[in-house]
Amino acid sequence: MSVLCRFLGKASLPCLRVLLLKGCGFNDGKIEEFAEFLGRGDMPLLETLDLSMCKWAEKVLGPFGKALSQGADKLRCLRNLSLMTERGERSAGDVATFLEALASPACPPLKNVSLFINTAANTADLRALANGRYPVVRTLRLEMLGGSLEQFLRALVDSPSEPQFESLSLKLGGAYGDDLGSVEWVRLLGEAARRRRLSSLREIDACFSGPEDHLKEAIECFFGSLGLVKLPFFSILRISRAAVSDVHLSLLGDAVRAGNLSGLEVLDLSQHDHRDGFGRVGLEALTYAITETEEGLPHLKELRLQSTKAGKALESLAKALIAGKLGNLSALSLDSCSLTGAGLGALGSAVRAGALVHLTSLSMGQNGLDG
């Protein structure tokens with residue numbers, strides 16, 4: 001890192017304004033060293049710094065918070081800062097340090113900050129992010145337990161105005177075996193959507209520990225809201241191991257029919273056990289809606305239906321494919337989905353019609369053909 005800093009310093013590159021270090025293998029120690037270098041004012045004209053997808057760092061925000069607190073004159077030109085590292089920030093203390101720096105008068109005149117916070121943040125900071133206290137944070141990814149997501153979304157619902165985010169991604173996460181906590185956050189997603197607080201939503205990713213009645217009700221609330229409000233940037237929906245039902249898929253169908261999910265790229269409805277999930281009625285409701293709309297789901301690349309009873313209704317999926325309503329599909333997962341001979345034959349018809357020319361991944365394991 002010392003060699004890189006000497007190379008980048010104002011004595012060597014005095015006019016450098018844009019520095020892109022995306023995907024570099026910096027660890028926490030290297031990040032700290034680099035942040036100290038910036039805080040000394042050795043890159044005074046820097047306008048854009050991209051450290052997104054750095055592979056090994058987990059404590060990034062603390063060192064950069066200290067660098068930003070050294071005085072606006074040290075980084076007087078800095079406008080764009082991406083700290084969306086691959087693993088995300090894992091220290092609640094460092095999150096607090098960074099956010100305090102953003103609110104400080106000594107902070108450079110930033111306009112666009114990107115953050116990934118993974119499992120660690122205190123309630124006050126989550127609520128402050130949701131309430132717009134840090135308007136320069138335009139891209140935010142949160143991967144947290146359900147209770148933390150609930151706190152963030154509750155503040156978002158209570159916020160008096162639309163948040164400042166340009167891109168918002170939420171993932172239910174935790175260490176293996178953790179109690180993932182409250183599912184109230186899923187219901188709050190629906191309420192936030194209805195109040196026009198999720199126009200920046202890009203991704204929902206949630207793998208639950210199993211079906212629960214209150215979870216089913218929460219998913220119904222969220223999926224129902226998708227039929228009422230268009231989310232223009234919503235591209236990834238993963239709700240797995242949650243006993244997604246025929247009713248839920250019918251609600252998704254309503255959202256498709258309303259044109260509110262036209263930007264969807266990934267739809268993962270995989271379940272823990274095919275006995276818990278949707279089947280013919282639900283998949284037909286969704287695929288008929290796709291077929292009936294003018295554009296269908298033109299951007300959908302990945303469709304995962306494993307461990308459901310979707311195999312009993314693949315004829316309707318094949319019709320949507322043949323009609324050209326899923327023209328960019330590249331990955332289809334049908335493992336353990338009660339695939340029938342009739343369903344396989346329908347997929348064969350779609351293949352012969354040239355409807356799957358972009359497919360690069362097809363998974364159909366653990367199916368006993370029963371018909």
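Let me start with helix 12, residues 341-352, which contains Leu344; helices here are DSSP runs of H or I with at least four residues, numbered from the N terminus. Please keep in mind that this is a predicted model, in which local features need pLDDT of at least 70 and side-chain atom pairs count only at pLDDT 80 or more, whereas totals for chains, interfaces and linings use all residues. Residues are numbered from 1 along each chain as its sequence is written, and side-chain values use heavy atoms, with hydrogens and water left out.

Leu344 has a relative accessible area of 33% and is partly exposed, a class lying between buried, under 20%, and exposed, over 50%, with a 1.4 Å probe and protein chains only. Together with Leu362 and Met364, Leu344 forms a nonpolar surface patch of about 230 Å² accessible area; such patches join nonpolar side chains within 5 Å, from residues with over 30% relative accessible area and no salt bridge.

Leaving aside residues up to four places away in sequence, Phe64 touches, among others, Ile31, Leu49, Leu83 and Phe98, a contact being heavy atoms within 4.5 Å.

Finally, how many disulfides does a search of the whole structure find? The search finds 0, where a disulfide is a pair of cysteine sulfur atoms within 2.5 Å. The sulfur of Cys24 lies 5.6 Å from its closest cysteine sulfur, that of Cys54, which is too far for a bond. Cys24 is partly exposed at 24% relative accessibility, while Cys54 is buried at 0%.

Key
Patch = residues over 30% accessible without salt bridge, like charges linked within 9 Å, V, L, I, M, F, W, Y side chains within 5 Å. Areas by Shrake-Rupley, 256 points an atom, 1.4 Å probe, with all protein chains shown as cover. Salt bridge = Lys/Arg side-chain N within 4 Å of Asp/Glu carboxyl O. Helix = DSSP H or I, 4+ residues; strand = E, 2+ residues; numbered from the N terminus.
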